[in-house]
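Open the model in your viewer and have the selection tool ready.

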Amino acid sequence: MTLRLPFRTRISDAATIANHFSAIKSMSGDFVQSGPREEKSGGRFFLQCPGKLRFDYAGKSGISLIADGKSVEIYNERLKTSHLDSLSKTPLKLLLDDKVEFSGSRLKSVKDDGAQVVTIKLADKSVFGNSNITMVFDRKSLDLRRWSLTDERG
């Protein structure tokens with residue numbers, strides 16, 4: 001069951017969460033990634049705002065995803081290959097800005113279950129195409145619990 005709050009309350013919750021998230025300048029932890037065919041991989045992540053993010057995948061994949069503030073590189077140590085994109089063209093930019101904003105036309109939805117979590121979906125079709133980012137925050141601590149990036153292929 002999803003609790004429907006007045007839009008003004010939901011926007012206010014989104015602004016409170018954005019302010020809290022903007023105040024966090026670094027974090028690290030373990031991650032588990034689910035792919036489109038339910039495949040799982042994991043490793044460690046490191047975030048330093050503004051602009052820097054690193055995912056080091058565990059196991060023999062040798063894959064790292066690195067954002068340096070200007071670009072995002074997916075590097076495969078095993079194959080010695082890399083793919084480079086501009087950070088500003090990815091939804092990760094919305095998480096890595098110095099001042100995170102969950103408002104305006106980029107704010108697509110705010111769902112509050114009334115008990116445990118608030119889910120915020122952001123997108124900007126003019127910049128990211130059909131890509132979007134959905135973030136789930138703990139309702140009490142405002143901690144980011146998980147996020148999901150969806151690229152233009154779904």
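**Aromatic stops**

Select phenylalanine 45 first: this residue is buried, at a relative accessible area of 11%. Buried means under 20% relative accessible area, exposed over 50%, and partly exposed in between (1.4 Å probe, protein chains only). This is a predicted model: local features need pLDDT of at least 70, side-chain atom pairs count only at pLDDT 80 or more, and totals for chains, interfaces and linings use all residues. Residues are numbered from 1 along each chain as its sequence is written, and side-chain values use heavy atoms, with hydrogens and water left out.

Rings of Phe, Tyr and Trp (its six-membered ring) pair if their centres lie within 6.5 Å; planes under 30 degrees apart count as stacked, over 60 as edge-to-face and the rest as tilted. Tryptophan 147 is partly exposed, with a relative accessible area of 24%.

Next, select phenylalanine 55. It is buried too, at 9% relative accessible area.

Now zoom out. Which residues do ring pairs link into a cluster? Select Phe31, Phe45, Phe55, Tyr57 and Trp147.
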